Amino acid sequence: MDNADVEAGGDDEFQGRRGRKYRPVVDDDDRAVLEMSSMDPSSSSHPAQSSLKKIKVSSEENLASNIKEGPSASHVQSNGPQTESKLELFGFDSLVNILGLKSMTDEQAAVPSSPRDGETIAISQGRPKITAVKSGTLMGVFVPCLQNILGIIYYIRFSWIVGMAGIADSLLLVTLCGTCTFLTGISLSAIATNGAMKGGGPYYLIGRALGPEVGVSIGLCFFLGNAVAGSLYVLGAVETFLKAVPGAGFFTVTTTVNGMKVQSASLHDLQIYGIIVTILLCFIVFGGVKIINKVAPAFLIPVLLSMLCIYIGIARAKKNDPAEGLTGFSLDTFKDNWNSQYQKTNDAGIPDPDGKVPWDFNAMVGLFFPAVTGIMAGSNRSASLKDTQRSIPIGTLAATLTTTFMYLISVLLFGAIATRHLLLTDRLLSATISWPYPAFIYVGIILSTLGAALQSLTGAPRLLAAIANDDILPVLNYFKVADGSEPHFATLFTAFLCIACVIIGNLDLITPTITMFFLLCYAGVNLSCFLLDLLDAPSWRPRWKFHHWSLSLLGATLCIVIMFLISWAFTVVSLALASLIYYYVSIKGKAGDWGDGFKSAYFQLALRSLRSMGANQVHPKNWYPIPLIFCRPWGKLPENVPCHPKLADFANCMKKKGRGMSIFVSILDGDYPECVEDAKAACKQLDAYIEYKHCEGVAEIVVAPSMSEGFRGIVQTMGLGNLKPNIVVMRYPEIWRRENLTEIPNTFVEIIKDCIVANKAVVIVKGLDEWPNEFQRQYGTIDLYWIVRDGGLMLLLSQLLLTKESFESCKIQVFCIAEEDTDAEGLKADVKKFLYDLRMHAEVIVVTMKSWDMQADNGAPQDESVEAYNAAQKRIADYLAEMKSTAKKHGTPLMADGKQVIVNEQQVEKFLYTTLKLNSTILRYSRMAAVVLVSLPPPPVNHPAYFYMEYMDLLVENVPRLLIVRGYRRDVVTLFT
C-alpha cells in the first residue's frame, strides 16, 4: 500500500451523516490526513442528529388570545397541529406576521438550546421584556448636543478670538467650522435614517458603512476623545470655580506677569477637586438615562440664563460702563475690529512683543474648533432613543444651527461694543458685561462645562459597550452589556481614564489630539455617506432626503483640511494611532460581514471589470491559471477531511506570488432536494479547509446523480466570462485496481474527454501524498517530457514551480521526444532559441526513436517496466477475452461500459509498447528528479476505458512524483514583450 493513500476501502469505518459508513484506506502514520484531521472540529459544520424530545409549550393568556384572534394563528407553532387556514395554497411557507417581521429586525428572543433526549422543557412565549427608559428628540439629542457644544470656549475665549482674528476672520472661522459640522450632521442624518440603528452612534454607522476594521479603529479613537474630553471639561469647571472663589483652594501659586504678582490655582487643587467632581458625575451616570435626563436640565437651564444675561448686558452696555474700553454699539468700533491683528502673546494670552506664543488663522482654528464639537452627543446614545430615525436628524441639525447662529451673532456683538485692547486683555469679558452680576457667568461656565463632562461620561461608555457587543475584539469582552442594561464596567473604565487625565492636569499636548479624534470621526461619517450615496445600492433608501454625495465629500475634505490647519504633527499622530488600531483589528479581530459599503464597491468593481474583460480570449501576457480543483473524485475521505490535504499545497504552486483564484469542487452523489443540507455542511467544511491551508479560493459543492454527470455540468457552467476555470486539477486514481474499483476507469476517461471537448487544460497529479509543502525544500531537477504542443502550459508550470521556496533550488531539464528521422541537433537548437525568447533557463535533451531502439538492443528497458508491461498485456488479453465471450454469448458487438467499442489488437500492442518505452526513458533519466512533467495522451477513440487505464498505469509506473499535463487550443506564453 502506498503511504498515505486516502481512498475508499479497508477495514476502519468512519460513521458519516445519516448512517453512511466510509471505509478509507489510511495508514496509521499518514501525515497528510493527520494534518487535516487535527483541525479544530468547530470549523466544520455537522448537523445534529434528529431525536424526539418532549417540549412543553406554555404561553401567556394575553398572547394566546391575540394569537387566536390573529389571521395567521396556525403558523405560530411550526411543528404543532395546523388549523384550517385560508392560505393553504402556500403550504408550509412562513407567512408575514408579527413574529416574522420581528425576526427580520433581529428583535426576536434567542433560540433556546436543544434539550437532551428525554428532557422536558418549557418555552414561555410572549413574556413581556423589561425595556429601559427611552428618550425623545429634545432630551435625547438636542439637549445633549447643546450641552456639549456650548462649553467653556464661548465664555473665556470667544471675545479674545474676536479681538485677535478680527470680525472678518472670526466670521470666516465660525462659518468654516460650522459648515464642517453641519455637513457632517447631514451625512449623519442620511445614514441614521437608512434603517434601524442600534447602540454605538457614529461607530455603528461607520462600521456598517466602511467595515468593522475601520469602524472599530475610528470608534475607539472617538471613545478615547470623548473620555479625555470629559477630563478637559472637568478641569475647566474646577479652574473657573477656583478663580471665582480663590479661598476654596488648599494650595496657592504666585506667578509674575508683566511685573505684577498674580495668584493662580495650584495643580494639586485642580487634581483634588477634579477627582471629586469626576466621581460625583460618575454616580449620576450610574443612575442611568432616567437620572441623566432629570439632571441635564439643571445644568442646561442656568447656562441658557447666563447667556441671556450676556446678551442683556451687551444691549445695556455704554461707553466705559461697566468697564473701561466698552463703547456700546459703535460703528467706529466695528470698523476698527473688522481686520485681524495677529500677534505674539505670553502664556496668559496677553499681547506681548516678546511673547513665546505666535498666533495666526490656523492657530485660531485649533483654538475654536472644540467649541463646535459635540454634534455626536445624541447619536452616542442611540440605544436610549425612542425613534433614532426621527430624533437624530432633527435634534443634531437643530443644535448645530442654533449654536452656529449664536456664534455668528456673538462675533458681531463683541466686535461692535468693545475696543480691541479690552477684547485681548479681559479673558472674562462675557462676565464683565453681563447683567446684573458677573457671578451668573461663573455659574454658567461651571455648569456648562459640567454638563459637557456629563454628556461625555454618558456617551463614551455606551460607545465602548457597543464596540464590545459586536464581538470583533475579544479583549473588549469585559465591556459587553445586555440590551437595555447600563454599561457599568465601561463607565468605570471611562471614569478611570478621565481621573488619570485629571491627575496629569496639563492637557495642552493631549487637547489637539482629542480634536483630531473628533475630526477623524466626522470624516468617517462623511466618507460613509459619500460611499453609500455614490454606490446607491438597492438597500440605500434613507428617509432623510436632503443629502448628496458631493456634500458628504465636501464635508470629509473640510475635516481633513481642518486637521492639517490645526497641526500636521498631531494629524499624523492621530492617523497613525487609528492605523495601528486598524492593523490590530485586522490581525486579532474576528471577521464579520456587516454588508458594508466596501463590499458593495468590490461587487460593482468586479462587475465592471468582468464586463470590461468581455468574452474574448485573454492575451497570453495576461493569462492566469484558474485551477478547478477536483477534491474527492476517487473514493471517500474521512468525515472531517473534505479535501486531500496536499491539493491546496499543489494549487498554491500554480500561482505566482499567491496571485490567482482556485475553485475547489466536490461532487456528492444523490438527489439535490434530499442532499441539500449535506451539501451545505460539506461546503462549510471545504471553506474551513481552504482557510486552514491559506489558499486563495472558493468552495463549491455540486449534487448530481453520478460523478460524470456532475463534472459535465461543472465544466460547462462554472465561472463567468473570462473568469471561468481554465485548468482541471485532480489526483491520479492510483488504487483503482488494488481496491477493484471497476467504475473508476470509465469515470476517469469521461472526465478527460469532457475537458478536451470543453477546451480545458488538464493536470493530473501522481504521488500527491508526497507533494512537498512550503517548508520542505527540494533539490535536483524538474524534468519536462515535452511530447506534444500544449500552448506552453508545461513550460509555464515549471516556471511557476521555481517561484516557490520548495522548488527554487531546482533546475529545469526539457526532454524533447522526436521521431527517428528528425534532425535532433536542429530540434535542440530550435527549442533552446524558443526557451531563450521565453526568458526560461533550461537544459534541452532530445530523445529520438533511434535511441530507444538502441536502448532496446544494447541495454534492456528497466526490469520493473518490463514486469509491469507483461502484467498489463496479460490483463488486457483477459479483459478482451471476457468481452468477446460476452459478445458471442449475447450475439452483440463488443461492448464496454455500455458502449460499442472497436478493438485493434495490433494498435493496443503499439500503445502499450509506446508507454513502456516512455516509462523506461523517464526512469532512466529522471529517477532522482524532484518532479516530472509529461504530456497526457488523449483517450483513443472507441477503445475501452479499461485499456486506457492500463496505458496510463504503465506510463506512471514507479515514478514517485509526476504531473501529467494536457494543454488546450491556445497559447499561454508569448515571445513578445
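**Close-up views of a predicted model**

Tyrosine 785 is buried, its relative accessible area being 0% (buried: under 20% relative accessible area, with a 1.4 Å probe and protein chains only). The structure is a predicted model, in which local features need pLDDT of at least 70, side-chain atom pairs count only at pLDDT 80 or more, and totals for chains, interfaces and linings use all residues. Residues are numbered from 1 along each chain as its sequence is written, and side-chain values use heavy atoms, with hydrogens and water left out.

**View A. Stacked pair of tyrosine 785 and phenylalanine 815.** The two rings lie 4.5 Å apart centre to centre, with 5° between their planes (rings pair if their centres lie within 6.5 Å, and planes under 30 degrees apart count as stacked). Tyrosine 785 belongs to strand S12 (residues 781–786) and phenylalanine 815 to strand S13 (residues 811–818), so the pair ties together parts 30 residues apart in sequence (strands are DSSP runs of E, at least two residues, numbered from the N terminus). Phenylalanine 815 also counts as buried, at 1% relative accessibility.

**View B. Aromatic cluster.** Tyr154, Tyr155, Phe158, Phe368, Tyr407 and Phe414 form one aromatic cluster. A search of the whole structure finds 28 aromatic pairs.

**View C. Crossing of helices H8 and H17.** The axes of H8 (residues 212–244) and H17 (residues 488–504) come within 8 Å and cross at roughly 50° (axes are lines fitted to C-alpha atoms over the stretch in contact, with angles from 0 to 180 degrees between N-to-C directions; helices are DSSP runs of H or I, at least four residues). Residues of H8 that meet H17 include Phe223, Leu224 and Ala227 (contact: heavy atoms within 4.5 Å).

Conventions. Phe/Tyr/Trp six-rings, centres within 6.5 Å; stacked < 30°, edge-to-face > 60°. Buried < 20%, exposed > 50% of the residue type's maximum accessible area, 1.4 Å probe, protein only.
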